[in-house]
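Visitor: I am new to this structure and would like to be guided through it. Could we look at it together?

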Amino acid sequence: MNNNVIKLFIALSMSLSIKGYSQATMYDISKYKLPEMRRHSLDFNLDISGSGHSSFYDVPDTSDITYENSSGNSSISCLFNYSFYNNSIHWQNEASSALKLGINTFTYNDSTIERYYAIDFLVDATNKYYFSPKMFLGIDVYSDFQYYKNYSELISNTNFLPLKFGVGRIEQVQDARQAIYLFDKLAKQNRVRADVGDDDVRKFAEFISILKNKRFFDSRIRKAYEIEAVDSFLSTNNYTLKQDARYFTTMTDFWDYGDIPVRKSGTRLSLAGYPGYKFEKNDNGYRDSIEWKATEENDLFLFGGLEFTYEKPLNLRWQTSLDAYSYDG
C-alpha cells in the first residue's frame with residue numbers, strides 16, 4: 001500500500017469521525033414533536049423578615065431621666081405557585097395560578113403605627129382543542145383579584161374569557177435541546193459514543209419528555225430518580241463508554257440547566273374575541289383628619305381581532321420569536 005493510499009484512508013477516517021460527532025449538534029430541534037404528556041409543578045415560598053432600631057438620650061441638666069425612641073418593621077409573605085402543561089393530539093392546555101399573601105407592620109415606641117395587608121390571586125389558562133392536525137378552537141381564562149389594606153382599602157378584580165379560532169400549532173422543544181447537550185458534552189469527554197444521529201436524539205428527547213412527567217413531593221428524591229433513569233437509558237442503549245465522577249457531574253449539570261429557558265417552535269394564526277369585566281373599589285378612608293371619598297368602577301368590555309405567533313429555534317442558543325396583534329373594540 002503506497003503512501004498516497006494511506007493518506008487518503010486517514011483523511012476519509014477523520015472526515016467520517018468528525019461527521020459522526022457533529023450529527024447530534026446538527027439536529028434541528030424545531031422539528032421535534034412532543035409525545036402525549038402532562039406536567040404539574042407546585043412551589044411554595046415563605047418569607048419572614050424584621051428589623052428594629054432603638055436610641056437613648058438624656059434630658060439636659062438632669063442625671064436621672066433618659067428617653068428611648070424605638071421603631072420596628074416586620075413582614076410575613078407567602079407565595080403558592082402552580083403550573084400545568086398538557087400536550088396531546090387534540091388538546092393543548094397551559095395554566096398557571098399564584099396566591100400571594102402578605103402582612104407588614106410598622107411600630108414606633110411599642111405602638112402600632114401602620115399595618116399593611118395584601119392578597120393577590122391570579123389564574124391564567126389557555127385551552128386549545130384541535131379538531132384537525134392544525135385547526136383549533138380555544139377558550140382561555142384570565143382572572144386577577146387584588147386586595148390591599150392599610151389606612152386605605154383597594155379591591156380590584158379583572159376577568160377575561162378569550163375565545164379563539166385559528167390554524168397552526170406551537171410546541172415546546174427544549175427537551176430536544178437538552179438531549180443534544182447531554183450527548184455532545186458527554187461525548188467531548190469520551191464518556192459516551194459520538195456516533196449519534198437524528199434518530200438517537202429524537203428517542204432520547206422523547207425519553208426525557210416522558211421522564212419529566214413523573215411527580216414527586218421531594219425534589220431530592222426526584223433528582224436522584226431522574227439521574228438514575230438517564231444513566232440507565234444511556235447504558236441500556238450502549239451509548240456509555242465510561243462511568244465516573246466526571247460522567248455524573250456533567251450529566252447532573254446539563255440535566256439541571258440544559259432545558260432552560262423554555263424553547264418553542266411553530267406558527268399560529270387566530271381570530272380572537274375578548275369579552276371581559278373589571279371591578280375596582282378604592283376607599284382612601286381617613287388620613288391627616290381628612291376623609292377621602294371612595295371611588296367604584298364597574299366595566300364590561302369587548303374587543304377582538306387577529307393574533308399571530310411565530311417561534312423558530314435557529315440553533316441551540318438563538319431563538320426567533322414574533323408576536324403580532326391587531327385589535328378593535
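Visitor: Which residues in α4 are buried?

Guide: Residues are numbered from 1 along each chain as its sequence is written. The model is predicted, with local features needing pLDDT of at least 70. Helices are DSSP runs of H or I with at least four residues, strands are runs of E with at least two, and both are numbered from the N terminus. If buried means under 20% relative accessible area with a 1.4 Å probe and protein chains only, the buried residues in α4 are Glu 226, Ile 227, Ala 229, Val 230, Asp 231, Phe 233 and Leu 234.

Visitor: Which helices do the buried residues of α4 pack against?

Guide: Contact here means heavy atoms within 4.5 Å. The partners that the buried residues of α4 pack against are α2 (174-188), α3 (198-211) and α5 (245-257).

Visitor: Which residue just after α4 takes a positive phi?

Guide: The phi in question is about 60°. The residue that takes it, just after α4, is Asn 238.

Visitor: How many helices and strands does the protein have, and what share of its residues is buried?

Guide: The protein has five helices and 13 strands. Of its 329 residues, the buried share is 32%.

Conventions: Predicted model: local features only at pLDDT ≥ 70, side-chain atom pairs only at ≥ 80, totals over all residues. Heavy atoms only, no water. Buried < 20%, exposed > 50% of the residue type's maximum accessible area, 1.4 Å probe, protein only.
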